[in-house]
Amino acid sequence: MRDKTERILKSVDTLGKMPPTLSKVMELINSVNPSPKEFARAISLDPILTFEILKLINSSFYGLANHVSSVQQAIVLLGLTTVKNLCLALSLAKKLNDGVHTRRHFDLNDFWAHSMSVAICAKLIAKKTGFERNECDEVFLAGLLHDIGKVVAFRTFPEDYGLVLDRSVKENLPLEELEQATFGITHAGLGEVIGERWSFPDWFTAAVAGHHATDSPDPKVRRIQVAVMLANFYCKKLGINGEKAGVGTYAPVAGEVFEYLKVNPAELEQFLAEVLPVEVEHAASFVGTLSANRR
Ligand SMILES: [Fe+2]
Ligand SMILES: [Fe+2]
């Protein structure tokens, strides 16, 4: 098993260094007060990224009235946090997808569809329960990338990881337990390693590492964890994107989670049942862009 753990961790290394544009972007993100102008200039050095960001921003997902033709304009309309998170998500997706081919048990499109649904649902939960606007964007990013460890596990051991996924569904066993027993690391643990290697912000790495729990001692991380964990739960419960209700790794949510968010569970569920399917449908082109294999 130790062998497998080492190979998976090596596979994270082969993702390579962060692309130069992204390291510049990251530097700006981690600085206290990044200027939108500087940020837009950094993104514009990567024409493919710029093209894709603009494509997404003009998609029905954002529902903007007028066509947006520059990153700077996008920042004015959507805010710096939204654009920078989009940029992080797209760059990472592009890297991760590279060389991954859909096989039995694992389909990149399904993976990104699930990730997107969780991101949308987590953001809806955050909005509904009074998170601030920036926090809602952070929740979206963490939701979108919460399961990235699965792609790394799959690209390293397509056959073995496929079997683990299959067993988890068929025998209704917690995926994390099977991953730990087979590879010595879980997809959440791998997400943490990826976050660290790519110098993602600490809150992001901690939230991805603990996305099946709700007990982070850091209040900021805990709020994100709770939103992402609940989003995973509701996507499953409401059967979003073909998720089968009740199958998989999610135990019923403890009442204290709802108390923590100060929300009535029945009300929240009804709200999500009404709004989530529509929002997810709007995101179809977004999922297409994320799941495309590009070189
Ligand atoms: Fe997960
Ligand atoms: Fe998930």
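G255 is exposed, since 9 other C-beta atoms lie within 10 Å (20 or more would be buried, 12 or fewer is exposed, in between is partly exposed; C-beta atoms are placed from the backbone). This is a predicted model: local features need pLDDT of at least 70, side-chain atom pairs need 80 or more, and totals for chains, interfaces and linings use all residues. Residues are numbered from 1 along each chain as written, chains are lettered from A, and ligands are numbered from 1 in written order.

G255 belongs to helix α15, residues 255–261 (helices are DSSP runs of H or I with at least four residues, strands are E runs of at least two, numbered from the N terminus). The C-alpha atom of G255 is separated from that of N66 by 43 Å, and the two residues are 189 apart along the chain.

How many of its eight residues are buried? Seven are, so α13 is mostly covered. The buried residues of α13 are W203, F204, T205, A206, A207, V208 and A209.

Take α12 as the partner to study. Helix α12 covers residues 187–197, and helix α13 covers residues 202–209. Their axes lie 7 Å apart, at an angle of about 165° (axes are fitted to C-alpha atoms over the stretch in contact, with angles from 0 to 180 degrees between N-to-C directions). That angle makes α12 roughly antiparallel to α13 (over 145 degrees is roughly antiparallel, under 35 roughly parallel). Which residues meet? On the α12 side they are A188, G189, G191, E192, G195 and E196. On the α13 side they are F204, T205, V208 and A209. These four also stand among the buried residues of α13.

Look next at the link between the two helices. S199 sits in the loop between α12 and α13. Its phi is near 50°, a positive value in a residue that is not glycine. S199 is partly exposed, because 15 other C-beta atoms lie within 10 Å.

N172 gives a second case. Its phi is positive too, about 55°, and N172 is not a glycine. N172 lies in the loop between α10 (158–170) and α11 (175–183). With 11 C-beta neighbours inside 10 Å, N172 counts as exposed.

From α6, the contact uses T81, T82, N85, L88, A89 and L92. From α8, it uses N134, D137, F140, L141, L144 and L145.

The protein has 17 helices and zero strands. Its C-alpha atoms fill a box of roughly 50 × 45 × 35 Å along the principal axes. Of the 295 residues, 42% count as buried. How far apart in sequence are residues in contact? Among contacts between residues at least 6 apart, 66% join residues at least 24 apart.

Terms used. Parallel < 35°, antiparallel > 145°, perpendicular 65-115°, else oblique. Contact = placed C-beta atoms within 7 Å.
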